[in-house]
Structures are given as structure tokens and as C-alpha cells.
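Reader: I would like to learn how to read a protein structure, one feature at a time. Could we look at one together?

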Amino acid sequence: MAWFKRKDKGIQTPTEEKKDTPRGLWYKSPTGKIVDTEELEKNFYISPEDGYHVRIGSKEYFEILFDDNTFKELDKNLSSKDPLKFEDKKKYTDRLKEAQEKTGLKDAVRTAVGKSKGEDLVIACMDFRFIGGSMGSVVGEKIARAADYSLKNNIPFMIISKSGGARMMEAALSLMQLAKTSAKLAQLADAGIPYISLCTDPTTGGTTASFAMLGDINISEPGALIGFAGPRVVRDTTGKELPEGFQTSEFLQEHGFLDFITPRQELKNKINLYLDLILNRAVRA
């Protein structure tokens, strides 16, 4: 019986001989496909088995879109306050601190300027890991300042949306960001500076109701959830069953809300092709 009983006390295996499996070695897509994480990264975080676009953040999008991952981050130290002294299960200040420590981010959006295929581009990219990518006053302010940078320097602007909507902990201050960002985008339009909106999974709530749907061109990744309210809320409100694929990017394109859908590995080429055409400049290879 000694084969299942420990004969000696204490740990006997030297540390250097342990065979622990590294965490995150495999990724399982929602369809059940198992993918090696290294292979997933090389494939732009798209499952090669089923084409599922794994959620990624600003770090990965900047790597994909900026040449040699070289860029200057704008307003990187802006962080949220707690003007309403909000508290539910925990204080808002504690939620912010927890999110900052967990993600290494200051808030739910990062803005940067750099070269994309040799031409300047300003990008604001939301991070869902930070309180669900919720839009508070800092998110609105950073997007507004990034738009100002585009306006001042005559550089095309792009927003990558990935958000659960307005941040309830800031109440009306959060909702004010819808008008604030929309006004800045209107100034870009008046100046003839292109603005590209990329909707990723998920793009919902006040984000959809403002800058996510105001692009000169609105594009999306395959299979992204895009809408104002979630499917359950829409179903309960209307009392009707929803069409198959309701609020997916494919459904929205079919109904005229999106201009096109592009796989992530084609994203850099597609947005720069659009910019070359709209700005009437030579198409870059």
C-alpha cells in the first residue's frame, strides 16, 4: 500500500526538477477550440481554428497598428477622482485603485500618436479590463485631448471602442462625456480631418451612443457585440424575440450601421488604404 502513502515527511523534489505547467499555455475559445497562446499571439490574437477574435487591449492594438510599436503616449498620467463620493459594495476610490494595480493602467483608455505605414496617426484605444472599459470623465477628457492634438497637428484620428458603456460611479459626469467627445469629433469634421471608428467586442451603452458611431467610416472586427442596450434588455423591453445574430457586427453591417468588417490581421492595411484614398494621396504598399 506504500505506493499511495507518503513514506517520508516534507517535500522531497528539488525545485529545479519540478515540472509545473506555465499558466496561460493554452487558450480555449468560446466554441471550444484549444489554441497554443504563442500561436495565438503570432496570429494577431485570432483563433486559427475558428477565426474567433480574442479580446485584446491597447498594448496589443498599438503593437498591431504603430510601426515597430513606436509611439508617444498622450496624457498618460490622467486618472479619475471621486467627486460624488460613490460607494456600493466598495468605495469607488478602492475600485479605481484595484483596477489600476490589476491592469497597470491609469484608466480605461490610452491615447497615443505614432507612425502607421509611415504616416502619422492618433489612436485612442479603450481597455475592457479597466472596470469594463467604462467611460468616465477621464476617458472623455483623454479622447477630447487626443482629438485636439489631431486638430492642432492635422493628423487623422482613430478610436478603438471596447466598452460596457458609461461609468455609473460618476453618474451625470459620465453622461456628459457623450456630448463632449461628440463636439470634438464635429470640430475634426469641420476641419476635414478623417476620423475612423473601430468597434470591437463589446461596444455598448453610451460609447455606442456617441463616438463609436460617429466615424467618417465605421468599421468592426468579425463577431463583435455592438449595441446600446444588451439583448436581454431589448428583449424584455420590446417583448419580442430577437433575430438571429442580433447586435453582431455582421447584423449591423447588413442593416447599414457599419461600412465594413475587417479581420484583425488586415486592419493596419485597411485603415491606411482608406486614409490614402480619402486624403487623395499615393496608396502605400
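This is a predicted model: local features need pLDDT of at least 70, side-chain atom pairs count only at pLDDT 80 or more; totals for chains, interfaces and linings use all residues.

Reader: Which strand do 6 bridges join to E7, and in which sense do the two run, parallel or antiparallel?

Author: Strand E6, residues 157-163, is joined to E7 by 6 bridges, and the two run parallel. In this pairing serine 161 stands opposite cysteine 199 of E7. The path between these strands can be read as well, for E6, helix H5 (residues 171-191) and E7 make a β-α-β unit that is right-handed.

Reader: Which residues touch the most other members of the largest nonpolar core?

Author: The general idea is that nonpolar side chains tend to be buried together in soluble globular proteins. Here the largest nonpolar core has 27 residues, and those touching the most other members are Val122, Val139, Ile143, Phe157, Ile159 and Phe211. Two or more residues come from each of helix H3 (92-103), strand E4 (109-116), strand E5 (119-126), helix H4 (137-153), E6 and H5, and H4 gives the most, with 4 residues. To follow one member, isoleucine 143 is in contact with Val109, Ala124, Phe157, Ile159, Thr181 and Phe211, leaving aside its neighbours within four places in sequence. Apart from this core lies another, of 24 residues, which includes Leu198, Ile217, Tyr274 and Leu275.

Reader: Which residues of helix H4 are buried, and what covers them?

Author: An α-helix has 3.6 residues a turn, so residues three or four places apart point the same way. In H4 the buried residues are Val138, Val139, Gly140, Lys142, Ile143, Ala144, Ala146, Ala147 and Ser150, and their cover includes strand E3 (71-74), E4, E5, E6 and H5. After H4 comes asparagine 154, whose phi is positive, near 55°.

Reader: Why is aspartate 276 called buried, and which residues does it touch?

Author: A residue counts as buried under 20% relative accessible area, and aspartate 276 is therefore buried, since its value is 2%. Not counting residues up to four places away in sequence, aspartate 276 touches Arg281, Ala282, Val283 and Arg284. With arginine 284 there is also a polar contact of 2.9 Å between the side chains.

Reader: Where is glycine 245, and how accessible is it: buried, partly exposed or exposed?

Author: Glycine 245 lies in the loop between helix H6 (231-238) and helix H7 (249-254). With a relative accessible area of 32%, glycine 245 is partly exposed.

Note on methods. Residues are numbered from 1 along each chain as its sequence is written. Side-chain values use heavy atoms; hydrogens and water are left out. Two strands pair if DSSP finds at least two bridges between them. A crossover is right-handed if, with the strands pointing away from the viewer, the path from the first strand over the helix to the second runs clockwise. A nonpolar core is a set of buried Ala, Val, Leu, Ile, Met, Phe, Trp, Tyr and Cys residues joined through side-chain atoms within 4.5 Å. Buried means under 20% relative accessible area, exposed over 50%, partly exposed in between (1.4 Å probe, protein chains only). Contact means heavy atoms within 4.5 Å. A polar contact is a pair of N or O atoms within 3.5 Å; within protein, one must be able to donate a hydrogen and the other to accept it, and residues adjacent in sequence count only if both atoms are side-chain atoms.
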